[in-house]
Amino acid sequence: MTVPTQDPGINSGYHPAGAPHTADEVRGSSLGELLRQVSTDLSTLMRQEVELAKAEIRQEGKKAGKAAGLFGGAGFGGYMVALFLSIALWAGLSNVMDAGWAGLIVAVIWAAIASVLYSMAKKNAQHVRGLRQTNDSVQQIPDALKPHPEGVTR
């Protein structure tokens, strides 16, 4: 068992993080004790927010990594299909026209497909969301703890 090296809280009464103090405890405390308690609570809050962000990033990173691997495999398979279908189309068109023109037609078809896929990807990229849980919990921090530079005088 460890023994605390500092005073455990206001008026030596132990309160878990986030537990409210009674009005009598606050009235009987010095300004230094109150500021130390606020500092401790703020420090605890910030540590918890950082831990939440780390956990959320790890969780979302694992999902994204798995999805990226699966997309990579599917992309390679799709590439092979597209390659051999393109060669087959080129060979088929070569029976009716010059091979150079047939290759150019296949390339133009692929350019059109690529431009459509690019525009779809750009539209989807705009809908990527950030760390929603962390952002929501940070929004709940009271306004008193947020900096207000326009009201600060030195």
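## Overall architecture

Read from one end of the sequence to the other, the chain follows the pattern α-α-α-α. The chain holds four helices and zero strands. The structure discussed here is a predicted model.

Of the 154 residues of the chain, 12% count as buried. The chain exposes about 12,400 Å², and carbon and sulfur atoms supply 66% of that area. Among contacts between residues at least 6 apart in sequence, 48% join residues at least 24 apart.

## Packing of α2 against α3

Two packed helices are described by the angle between their axes and the distance between the axes. For α2 and helix α3, the latter spanning residues 99–125, the angle is about 140° and the axes lie 8 Å apart. The two helices, α2 and α3, are therefore oblique to each other, since an angle counts as roughly antiparallel only when it is over 145 degrees. The crossing of α2 past α3 is right-handed.

On the α2 side, the contact is made by A82, S86, L89, W90, L93 and S94. By residue class, the contact of α2 with α3 comprises 10 nonpolar residues, three polar residues and no charged ones.

## Packing of α2 against α4

Helix α2 covers residues 31–94 and also packs with helix α4, which covers residues 132–139. Here the angle is about 165°, and the axes are 8 Å apart. That angle makes α2 roughly antiparallel to α4. The crossing of α2 and α4 is right-handed.

From α2, the residues E49, L52, A53 and E56 take part in this contact. They meet R132, Q133, T134, S137 and V138 of α4. The residues of the contact of α2 with α4 divide into three nonpolar, three polar and three charged. The contact of α2 with α3, by comparison, includes no charged residues.

## The setting of E49

One of the α2 residues that meet α4 is E49. Is E49 buried or exposed? At 13% relative accessibility, E49 counts as buried, because the limit for that class is under 20% relative accessible area.

The place of E49 is in helix α2. Which residues does E49 contact when its neighbours within four places in sequence are left aside? E49 is in contact with T134, S137 and V138. These three residues, T134, S137 and V138, are among those of α4 that meet α2.

Definitions and conventions. Residues are numbered from 1 along each chain as its sequence is written. This is a predicted model: local features need pLDDT of at least 70, side-chain atom pairs count only at pLDDT 80 or more; totals for chains, interfaces and linings use all residues. Side-chain values use heavy atoms; hydrogens and water are left out. Axes are lines fitted to C-alpha atoms, for helices over the stretch in contact, and angles run from 0 to 180 degrees between N-to-C directions. Angles under 35 degrees count as roughly parallel, over 145 as roughly antiparallel, 65 to 115 as roughly perpendicular and the rest as oblique. A crossing is left-handed if the near helix is turned anticlockwise from the far one by less than a right angle, and right-handed if clockwise. Contact means heavy atoms within 4.5 Å. Ala, Val, Leu, Ile, Met, Phe, Trp, Tyr, Cys and Pro count as nonpolar, Asp, Glu, Lys and Arg as charged, and the others, Gly among them, as polar. Buried means under 20% relative accessible area, exposed over 50%, partly exposed in between (1.4 Å probe, protein chains only). Accessible areas come from the Shrake-Rupley method with a 1.4 Å probe; for residues, only the protein chains shown count as cover.
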